[in-house]
Amino acid sequence: MFRSLRVITLRFVNHRHQSGRPFLVHKSAFHSSSSFTNEWTNFGTWEDRIEEPILLQQSIKHGIPIPHVSLDQTAQASLVGRRKVNEDRILLKELETNVLCFGIFDGHAGPLAADYVQEHLGDHIKELMKKEHDLQKVLQKAFVDVNSKLQSHIASGVGPDDPSAKNTGTTATVCLLRNGNELVVGHVGDSRAILCRDGQPLRLTSDHDPEYNHEEKERIVQCNGFITCNSLGTPLVNGVLTMTRSIGDFSLKQYGVTASPETRSFKVKHGHDSFLLLITDGVHFAMSDGEICGVIRKCHTPTEAATTLTDQAIQYGSDDNASAIIVPLGQWGKDSSTTLIPALRWQGRGG
């Protein structure tokens, strides 16, 4: 009975402790045993490896090892920097089994919009997932819905007579991770999502900039809006806003500043991907994507990385709030380790 079976033993090793997790798996369940072995070799374990169990059913389905990604290992940091108030907000939430939500929001004209979206967007997404499997469609509708609810919220008594209320707004960059390897990103504004793959940054979002993003600029102009620069040379929509998409900013919606997100879908490759990163412009204003990934790769833990990165951004001259979310993936810790330890041992049973 056991002659056709193999035992996969993954040994996680870090600077604190060691443990082994054996799984009994029928070899024929995988698409390609050779590619599976190679993927495990790349996956590896090393000194700073984070210990997480493997999603066995998903690994069998796709023929590659897929680790469980948990909120417990995800890190966040947010600094007020040189501003008087921190208007950045962060969302970390498990929406349902094997579906995680990571969101970062950079508010402007007060924290009202960022606070509202942080509190309510996850619930909108969760409710829409009951009716729609396509996560891109879920995010597209959720962003528009929460924008509409925010407008009603303001009109119902939060500040209908307060001029600043209709000017409140926020960026929104949200990543949904389903079954450990399906990554869907939706965003408005200039907060970024970046994947570190094979040690190099892979940007998952494009800044909704009124000057360099020509499609965005064209939409603003077609809606009778205009782009002008302030005394520092910063391009602004109608002389007010530094981005062409946002949640809130209701006085600019008629001029093409939409809450409809740009969405994309990616496959996480845990044998190549070290971490997922979400940051506000207070970080990427002061540092390039390569510098950002370089700082994180030198750190031993996600918490250390998030703290170091935001500190570094302020030291490099950022005058804005600086916030970051770091989600460790399959290759986390490999680049910062000095010793690589073989991870996988195939042991035959009965010949």
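I began with the surroundings of Gln-312 and found that, leaving aside residues up to four places away in sequence, Gln-312 touches Met-287 and Val-295. I kept in mind from the start that this is a predicted model. Looking up where Gln-312 sits, I found it in helix 8, which spans residues 302-315. Its relative accessibility is 19%, and because buried means under 20%, Gln-312 counts as buried.

Next I turned to backbone angles. I noted that Asn-98, although not a glycine, has a positive phi of about 70°, and that Asn-98 belongs to the loop between strand 5 (88-96) and strand 6 (99-108). With a relative accessibility of 26%, Asn-98 counts as partly exposed.

I then looked up Asp-249, a residue other than glycine whose phi is also positive, near 50°. Asp-249 is found in the loop that runs between strand 14 (247-248) and strand 15 (262-267). Is Asp-249 buried or exposed? I read a relative accessibility of 4%, so Asp-249 counts as buried.

Last, I checked the cysteines. How many disulfides does the structure hold? I found zero. Cys-101 is in no disulfide, and the nearest cysteine sulfur, that of Cys-175, lies 8.6 Å away.

Notes: Residues are numbered from 1 along each chain as its sequence is written. This is a predicted model: local features need pLDDT of at least 70, side-chain atom pairs count only at pLDDT 80 or more; totals for chains, interfaces and linings use all residues. Side-chain values use heavy atoms; hydrogens and water are left out. Helices (H or I, at least four residues) and strands (E, at least two) are DSSP runs, numbered from the N terminus. Buried means under 20% relative accessible area, exposed over 50%, partly exposed in between (1.4 Å probe, protein chains only). Contact means heavy atoms within 4.5 Å. A disulfide is a pair of cysteine sulfur atoms within 2.5 Å.
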